[in-house]
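Visitor: Hi, I'm new to reading structures. Could you walk me through this one?
Guide: Happy to, ask away once it's on the screen.

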Amino acid sequence: MNEVAITTLLIVTLFLLLGSGVWIGLTLGGVAWIGMQLFSSRPAGDAMAVTVWGSSSSWTLTALPLFIWMGEILFRTKLSESMFRGLAPWVARLPGRLLHTNVIGCTIFAAVSGSSAATCATIGKMTLPELDRRGYPEDITIGSLAGAGTLGLLIPPSIIMIVYGVTADVSIARLFVAGILPGIVLASLFSGYLAVWATLNKGRIPPPDRALSFAEKLSESRHLIPVVVLIAAVLGSIYTGLATATEAAAVGVVGSLVLSGFQRSLTWATFRDSLLGATRLYCMIALILAGAAFLTLSMGYIGLPRHLAEFVGSLGLSPFLLMVALAIFYVILGCFLDGISMVVLTMGVILPTVQAAGFDLVWFGVFVVVVVEMAQITPPVGFNLFVLQGMTGKEITWIARVTMPFFLLMCVMVLLLWFVPQLATWLPSKM
């Protein structure tokens, strides 16, 4: 069989298994085993054992369960609730008023969570009931939360950046720092859109609450101090070189435990639930990573990455058209797979082509995270859409429709990254 027939067979097998409900990690490993057993000379069982152990025992990957645990601790204690109280007084005079708490809250929580779904769920639990009670329109409230929730992937510490760094062999600390400016720019685009929307739809925004004095605003802001301290400890330790990404993750876990202990919201039940929640989520991710690592090895033996790189090279695409093609490819792939699976499944194939085109791998990491963010809000497998559907009971098609303006803003962000690459490369160059 030639490479095209083999590739078609494996892709059809992959989607048949995914469509039948088999776990993603097992699907990736099964397709890899089929490919290696049928189309290569190396024993599939031996290759699988070595690859799965190697991917599971990576020291760099240790940061992943720690950051997940930190997010789970915040999710279950008063630290997340304190953010809304601290933010609300400062946005009351902006066009859109409290709608901005979705964007700012997601931006802040993203800097201590690293998970898009956790960011969306945590901020949604705080803001949706409050905004509904005060009479804000459901469509823009839910749409802005779905869009801003994706910032959990871009603003460090980001789980998907750790996964990309491991699979592409790129410094995770540099990736974290590279995500800061694009994250702030994307959050600003979201807030700018809300301000314009509110200006054009003044009748749909409820009147402001009682005006607070500057002293009262400062008093409410004290609730932000614990979260800001935690962000400074995690990102500051990475940027100053005092800690690696893994060590900074440990700092984050200890810091979140200490702060929630001071707030007296850390009980044995919340500690146990946070640990079990983080364990379950990491085991799922680790299985996906192990399966994808084996699939990457299998594809390498078959020769698919080399042939794909040769095919793309023969098309003669300019770097800009290659970037557009990759963006469309990831958005379509996001209709079927979650973000982590997309990254680990494609990196072995895409990276040779990207390197041949001369893309900076740190810049490309930020680009991939932004297009994976876009896939988080595209049906039918947009994780943020699922989270919001569970929280609101709305149809997923309705949620996808009200989220569309924020999807288009992410398209603008991709173009900004292309035309102003310094957004992603300037800060890492100063490390």
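Visitor: Which helices are included in what covers the buried residues of α10?
Guide: The cover includes α4, α9 (151-154), α11, α16, α19 and α20 (361-375). Keep in mind that this is a predicted model.

Visitor: How many residues of α10 are buried?
Guide: Eight of its 10 residues are buried, so α10 counts as mostly covered. The buried ones are Ile 159, Ile 160, Met 161, Ile 162, Val 163, Tyr 164, Gly 165 and Ala 168.

Visitor: And what comes after α10?
Guide: Asp 169 follows α10. Asp 169 sits in the loop that links α10 (159-168) to α11 (172-178). Its phi is near 55°, which is a positive value in a residue other than glycine.

Visitor: Is Asp 169 buried or exposed?
Guide: Asp 169 is exposed, because its relative accessible area is 72%, and the cut-off for exposed is over 50%.

Visitor: Let's go back to the cover. How do α16 and α19 pack?
Guide: Helix α16 (residues 268-302) and helix α19 (residues 339-356) pack at an angle of about 15°, and their axes are 8 Å apart. Angles under 35 degrees count as roughly parallel, so α16 and α19 are roughly parallel to each other. Their crossing is right-handed.

Visitor: Which residues make that contact of α16 and α19?
Guide: From α16 you have Ile 285, Ile 288, Leu 289, Ala 292, Leu 295 and Thr 296. From α19 come Ile 340, Ser 341, Val 344, Leu 345 and Gly 348. Sorted by class, the contact of α16 with α19 has eight nonpolar, three polar and no charged residues.

Visitor: Nice. What about α4 and α16, at what angle do they cross?
Guide: The axes of helix α4 (residues 63-76) and α16 cross at roughly 145° and come within 8 Å. The crossing of α4 past α16 is right-handed. On the α4 side, the contact residues are Leu 64, Pro 65, Ile 68, Trp 69, Glu 72, Ile 73 and Arg 76. On the α16 side, they include Phe 271, Leu 281, Tyr 282, Ile 285 and Leu 289. By class, the contact of α4 with α16 has 12 nonpolar, three polar and three charged residues.

Visitor: New topic: where is Tyr 136?
Guide: Tyr 136 is in the loop between α7 (116-133) and α8 (138-149). Tyr 136 is buried, because its relative accessible area is 7%, and buried means under 20%.

Visitor: What does Tyr 136 touch?
Guide: Leaving out residues up to four places away in sequence, Tyr 136 touches Gly 96, Arg 97, Leu 98, Leu 99, Leu 131, Thr 141, Ile 205 and Pro 206. Tyr 136 and Pro 207 are 71 residues apart in sequence but 9.9 Å apart in space, C-alpha to C-alpha.

Visitor: How many helices and strands does the whole chain have?
Guide: The protein chain has 23 helices and zero strands. Of its 431 residues, 53% are buried.

Visitor: Last one: what is the mean pLDDT of the chain?
Guide: The mean pLDDT is 80, with 90% of the residues at 70 or more. Among the elements, helix α17 (residues 304-315) has the lowest mean pLDDT (67), and helix α12 (residues 180-200) has the highest (91).

Methods
Residues are numbered from 1 along each chain as its sequence is written. This is a predicted model: local features need pLDDT of at least 70, side-chain atom pairs count only at pLDDT 80 or more; totals for chains, interfaces and linings use all residues. Side-chain values use heavy atoms; hydrogens and water are left out. Helices (H or I, at least four residues) and strands (E, at least two) are DSSP runs, numbered from the N terminus. Buried means under 20% relative accessible area, exposed over 50%, partly exposed in between (1.4 Å probe, protein chains only). Axes are lines fitted to C-alpha atoms, for helices over the stretch in contact, and angles run from 0 to 180 degrees between N-to-C directions. Angles under 35 degrees count as roughly parallel, over 145 as roughly antiparallel, 65 to 115 as roughly perpendicular and the rest as oblique. A crossing is left-handed if the near helix is turned anticlockwise from the far one by less than a right angle, and right-handed if clockwise. Contact means heavy atoms within 4.5 Å. Ala, Val, Leu, Ile, Met, Phe, Trp, Tyr, Cys and Pro count as nonpolar, Asp, Glu, Lys and Arg as charged, and the others, Gly among them, as polar. pLDDT is the predictor's confidence in each residue, from 0 to 100.
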